[in-house]
Amino acid sequence: MNERLAVCPGSFDPVTLGHLDIMTRASKLFDRVIVLVSINADKTPSFSAEERIELIRAVTKDIPNIEVDRLDGLLADYVREKGACAIVKGLRAMTDFEYEFQMALINKRLCPEAETVFLVTKSENMYLSSSMVKQIASFGGDISSFVPPEISERISARLIRKPKKELN
Ligand code: PNS
C-alpha cells in the first residue's frame, strides 16, 4: 500500500504545546508527517528558520515518523512534489476558521490531489498562540505551561527584554 504522507505547515514562531499536540495526533493518523516551517518574506519572525526547525526537532525527537523541513515557496507545490495526501492544520476558536477555510479552498484549487484535514485543538490550548507566548516571555513571565518543557528556558532567555537604560 502507498505510504500516507501528510504535511503540517505553519510559522511555529515558536512551537507551542498546541502545535505539538496537533503534530503528535497527525503522526498517529498518517504513516509519515513532515512539519513544514514556512519562510514568509513579509513577516519578521522572532526566531530564525533554523532556530524554529531546531526547536521542533528537539520536541519531536521521540516521534519516529515526524520530520521537519522548511517551506520557501507555495505549500501546494511542496505537497504535490512530495506526493502528500493531506495538509494538517489545527483549529482553535471560530476566529481561525475564516482564514483556514480560505487557505483550504485555495490549496484545493492549486493541488486537488490533497485534502486539508482540520484537527480541533484540545480545550486547554484554545487560547494558546505563539504571539501570546512571545509577549509573556518578553516580560519575564512563566511560559512553562504553554511550550514543551525542554525548550521553555531557551525561549524565555531568547525573548526576555533587556531593561532600557534610564534617560537623564
Ligand atoms: O502559522 P500560520 O501563520 O497559520 O501558517 C500559515 C501557512 C504557513 C500555512 C501559510 O501562510 C502558507 O501556506 N504559506 C505558504 C505560501 C502559500 O502556499 N500561500 C498560499 C496558501 S493559501
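I began with ring pairs: searching the whole structure, I found one aromatic pair, where rings of Phe, Tyr and Trp (its six-membered ring) pair if their centres lie within 6.5 Å, with planes under 30 degrees apart counted as stacked, over 60 as edge-to-face and the rest as tilted. I note that this is a predicted model, in which local features need pLDDT of at least 70 and side-chain atom pairs count only at pLDDT 80 or more, while totals for chains, interfaces and linings use all residues. Residues are numbered from 1 along each chain as its sequence is written, and side-chain values use heavy atoms, with hydrogens and water left out.

Charge over a ring. I looked up Phe 47 and found Arg 158 over its face, at 5.0 Å from the ring centre; the criterion is NZ of Lys or CZ of Arg within 6 Å of the ring centre and within 35 degrees of the ring normal.

Cores. I then looked up the largest nonpolar core, which has 32 residues, and noted Val 15, Met 23, Val 35, Ile 56 and Ile 155 as those with the most contacts inside it. Such a core is a set of buried Ala, Val, Leu, Ile, Met, Phe, Trp, Tyr and Cys residues joined through side-chain atoms within 4.5 Å, and buried means under 20% relative accessible area, exposed over 50% and partly exposed in between (1.4 Å probe, protein chains only). Among the elements that each supply at least two residues of this core are strand 1 (5-10), helix 1 (17-29), strand 2 (32-38), helix 2 (49-60), helix 5 (130-138) and helix 6 (149-159); helices (H or I, at least four residues) and strands (E, at least two) are DSSP runs, numbered from the N terminus. Apart from this core I found another, of 13 residues, among them Leu 5, Val 79, Ala 84 and Ile 87.

Ile 155. Leaving aside neighbours within four places in sequence, I found Ile 155 in contact (heavy atoms within 4.5 Å) with Pro 14, Val 15, Phe 47, Leu 55, Val 133, Ile 143 and Val 147.

Ligand. I counted 14 residues surrounding the ligand, the closest being Ser 11, Ser 38, Lys 43, Leu 74 and Leu 75, with a heavy atom within 4 Å as the cut-off. For polar contacts with the ligand (a pair of N or O atoms within 3.5 Å), I recorded a ligand oxygen 2.9 Å from a polar backbone atom of Ser 11, one 2.8 Å from a polar backbone atom of Leu 75, and one 3.4 Å from an N or O atom in the side chain of Lys 43.

Helix 5. Which residues does Ser 130 contact, leaving aside its neighbours within four places in sequence? I found Asp 13, Pro 14, Thr 16 and His 19; Ser 130 lies in helix 5 and counts as buried at 14% relative accessibility. Ser 138, also placed in helix 5, is buried with a relative accessible area of 9%, and touches Leu 159, Ile 160 and Arg 161, not counting residues up to four places away in sequence.

Other helix positions. Is Pro 149 buried or exposed? I found Pro 149, in helix 6, to be exposed because its relative accessible area is 67%; its C-alpha atom is separated by 9.2 Å from that of Leu 17, 132 residues apart along the chain. Asp 77 lies in helix 3 (residues 75-82) and is partly exposed, at 39%.

Key
Polar contact = N/O pair within 3.5 Å; in protein donor to acceptor, adjacent residues only side chain to side chain.
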